[in-house]
Each structure stands twice: as structure tokens, then as C-alpha cells.
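Dear colleague,

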Amino acid sequence: KGYTEIKREQKFDDSRFDVMARNEEEICFVEVKNVTMKEGDFALFPDAKTERGRKHLETLIKVKQQGMRAVMFYVIQRQDVSKFGPAQEIDPAYAESLKKAVDAGVEVIAMMAKVTPEGIKLVKELPFEIE
């Protein structure tokens, strides 16, 4: 909310982000990842090693360092979890990059989605646990 211009697939540095939003006060880059993996009460990302995912996180850090808003947005496509975190055992390098991104001020938003044949509806934000 609050952005007057929204564009998809916008390039920044050596990455292409899903969304760039702008208003008179700020520019915001958003990368969106779909989450389907579950372990216990946790929704986890990634479900396989992802160099591209790490690259997005590193570039989001650059976005933040240049004074813009940077958001990593996870869409959790299941309703049998209560929190979100990185899949440390599957891709420890991604988990470490995510921690560095959070420490640098990149925002992490994890939203549970209800998926039906009619569409996808975001229903609630889940807590994010890095460790």
C-alpha cells in the first residue's frame, strides 16, 4: 500500500526482481519466493540448493545499502504450518545469506496463502525464525 507506481520484473544491478514499487518518499524492490516445504510446524525455503536465490539476497542487500527498501517476500502455499524459516540442512549457504540480509536491514515477510482452483488468497503473516 502507499505506492503510486508498481512495475514487474525490474532489473537492479545483476538481478531481476519480481516487483519495484515507488512513491514520492522511496523505492522498494521485492523478490517473491513460493514455499511448499514443511517440517514440523515450519514452512521452509528452499527445498533445493539455490544459487539464484542467494544472488537475489545479495542484491537486496545492495538495494538496502543504497538507501532503498528491500523486501524478501515468501508465499507459503500451505495452511498446516505456524512459522517460517530457512531450510538450513538443504542449503546452508542460502540460510547464511538470509541471515546476512536480515542483519543488513532487508525485510522478510512470510505470508500464508490459501490456494484454491479459483485463485490464491493471502490469509495471514507467519512469524519468521532465522535460527
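Arg16 counts as partly exposed because its relative accessibility is 44%; the classes are buried for under 20% relative accessible area, exposed for over 50%, and partly exposed in between (1.4 Å probe, protein chains only). Please note that this is a predicted model, in which local features need pLDDT of at least 70 and side-chain atom pairs count only at pLDDT 80 or more, while totals for chains, interfaces and linings use all residues. Residues are numbered from 1 along each chain as its sequence is written, and side-chain values use heavy atoms, with hydrogens and water left out.

Arg16 lies in strand β2, residues 15-22. Helices (H or I, at least four residues) and strands (E, at least two) are DSSP runs, numbered from the N terminus. Together with Lys11, Arg52 and Lys55, Arg16 forms a patch of positive charge on the surface. Such patches are made of residues with over 30% relative accessible area and no salt bridge, like charges being joined within 9 Å and nonpolar side chains (Val, Leu, Ile, Met, Phe, Trp, Tyr) within 5 Å. Lys and Arg count as positive and Asp and Glu as negative, whereas His and the chain ends are not counted. The place of a charge is taken as NZ of Lys, CZ of Arg, CG of Asp or CD of Glu. Accessible areas come from the Shrake-Rupley method with a 1.4 Å probe, and for residues only the protein chains shown count as cover.

**Salt bridges**

A salt bridge is a side-chain nitrogen of Lys or Arg within 4 Å of a carboxyl oxygen of Asp or Glu. By this rule there are nine salt bridges.

One of them joins the side chains of Asp13 and Lys62, at 2.7 Å from N to O. Asp13 is in the loop between β1 (5-12) and β2 and Lys62 is in helix α1, so this pair ties together parts that are 49 residues apart in sequence. Asp13 is partly exposed at 46% relative accessible area, and Lys62 is partly exposed at 34%.

Glu31 and Lys33 form another salt bridge, with their closest N and O atoms 3.1 Å apart. Glu31 is buried at 2% relative accessibility, and Lys33 is buried at 9%.

Arg69 and Glu107 also meet through their side chains in a salt bridge of 2.7 Å, N to O. Arg69 belongs to strand β6 and Glu107 to strand β8 (residues 107-116), so the pair ties together parts that are 38 residues apart in sequence. Arg69 is partly exposed, with 24% relative accessible area, as is Glu107, with 27%.

Contact means heavy atoms within 4.5 Å. Thr50 is placed in the loop between β5 (42-45) and α1 (51-65) and is buried at 16% relative accessible area. Not counting residues up to four places away in sequence, Thr50 touches Phe45, Asp91 and Tyr94.

Ile61, in helix α1, is buried at 16% relative accessible area.

Arg78 lies in the loop between β6 (69-76) and β7 (83-86) and is partly exposed at 25% relative accessible area. Leaving aside neighbours within four places in sequence, Arg78 is in contact with Thr36, Met37, Lys38, Met112 and Ala113.

With kind regards
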